[in-house]
Amino acid sequence: MSYPSTRLRRMRRDAFSRALMRETTLLVSDLIMVAFVVEGSGKREAVPSMPGVFRLSIDELVKLAGDCVALGIPALALFPSPGQDVKTEDAREAWNPDALFQRAARAVKARYPQLGLIGDVALDPYTTHGQDGLIDAAGYVMNDPTIEALVRMALAQAEAGFDFVAPSDMMDGRIGAIRLALEQAGHVHTRILAYSAKYASGFYGPFRDAVGSAGNLGSGGKHTYQMDVGNSDEALREVELDIHEGADAVMVKPGLPYLDVVRRVKDRFGVPTFVYQVSGEYAMLKAAAQNGWLDERTVVLETLTAMKRAGADAILTYYAIDAARWLTRGE
Ligand SMILES: NCC(=O)CCC(=O)O
Ligand SMILES: [Mg+2]
């Protein structure tokens, strides 16, 4: 059937028929807030490359967790911004039971047990060189020794009360090793969110400012473990391995430039598929909005809806609280 019997504009004419045929609707329950924690109290340190994002001391973080609960955001993904003084070559602070990150988890879960809490498992905030793993004399990130450290780290996080451990390091085999260790330690309910297809992206720049690893990393890139921007068959292989090793959910990262990968993963495996709208995506949208070049509310909700349309079941975003307010109060 063609024009005039088929006029696609008929259904678009009014709000009621647009609503009835809408295929994808973004919900607050699709969102995961992202936050950074620092030592101290009453602290909200601005991250210059991410206007509106703050590194929070634990007391302030608990308030942000309260905002998430009040708005109906199901979960919070936490990253530590530890002082330079605790960084070492071997990243041992990562599994210290009394480290900032573990204390933060205990504080949030004590006050808001119903909020899902996601811990980042990677060594970069804790290494003097800013790499996600342990390095050899040539600076190459060593896979298997790194896994041993990641296992200790994941156990410390499960112990502290994180509901999800989320390995973001891209070592081979770490999901299986962490799953086995969690089972053996009796943490049978701790979920694993695998950063399965994490690309070596330039969009992580502002995040590295936020956790204080940018200066330490220097000119060393992460191309020997994160994925090449040009690949997507390889993403499917990564996801398949992580599912078999025991991941409960898989992730594609960054978000907007990689939605083709999200769609392929969701179509192929049908597992819980998360996507991460990363710091550089936030910074781009925020900068354009602050210049008056884009309408922030419109483009943020549009990008998040596009991620869901591409197949994402949940979206990690620094905009989660803003988006939840826009969605629920129409603010
Ligand atoms: N593991 C976390 C990152 O690598 C970066 C996230 C971001 O850029 O927001
Ligand atoms: Mg992998």
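This is a predicted model: local features need pLDDT of at least 70, side-chain atom pairs count only at pLDDT 80 or more; totals for chains, interfaces and linings use all residues.

1. Residues are numbered from 1 along each chain as its sequence is written, and chains are lettered from A and ligands numbered from 1 in the order in which they are written.

2. Strand S1, residues 31-38, is mostly covered, since 8 of its 8 residues are buried; here a residue is buried if 20 or more other C-beta atoms, placed from the backbone, lie within 10 Å of its own. Strands are DSSP runs (E, at least two residues), numbered from the N terminus. In a regular strand the side chains alternate between the two faces of the sheet. In S1, Leu31, Met33, Ala35 and Val37 point one way and Ile32, Val34, Phe36 and Val38 the other, and all are buried.

3. Strands are taken to pair if DSSP finds at least two bridges between them. S1 pairs in the parallel sense with S4 (residues 75-80) over 6 bridges, and Leu78 of S4 is the bridge partner of Ala35. S1 also pairs in the parallel sense with S10 (residues 314-317) over 3 bridges, where Ile315 is the bridge partner of Leu31, and with S3 (residues 54-57) over 3 bridges, again parallel, where Arg55 is the bridge partner of Phe36.

4. Ligand 1 is surrounded by Asp120, Ala122, Ser168, Tyr204, Phe207, Val278 and Ser279, a residue being counted if its C-beta atom, placed from the backbone, lies within 6 Å of the molecule. By class this shell has 4 nonpolar, 2 polar and 1 charged residues, where Ala, Val, Leu, Ile, Met, Phe, Trp, Tyr, Cys and Pro count as nonpolar, Asp, Glu, Lys and Arg as charged, and the others, Gly among them, as polar.

5. An unreviewed UniProt entry lists Lys198 and Lys253 under "active site". They span 56 residues in sequence, yet no two of their C-alpha atoms are more than 4.9 Å apart, so they gather at one spot. Such annotations may be inferred rather than shown by experiment.

6. Lys198 lies in strand S7 (residues 191-198) and is buried, with 27 other C-beta atoms within 10 Å. Leaving aside neighbours within four places in sequence, Lys198 is in contact (C-beta atoms, placed from the backbone, within 7 Å) with Ser168, Met170, Gln226, Met227 and Lys253.

7. Lys253 lies in strand S8 (residues 249-253) and is buried, with 24 other C-beta atoms within 10 Å.

Technical notes:
A residue is buried if 20 or more other C-beta atoms lie within 10 Å of its own, exposed if 12 or fewer, and partly exposed in between; C-beta atoms are placed from the backbone. Helices (H or I, at least four residues) and strands (E, at least two) are DSSP runs, numbered from the N terminus. Two residues are in contact if their C-beta atoms, placed from the backbone, lie within 7 Å.
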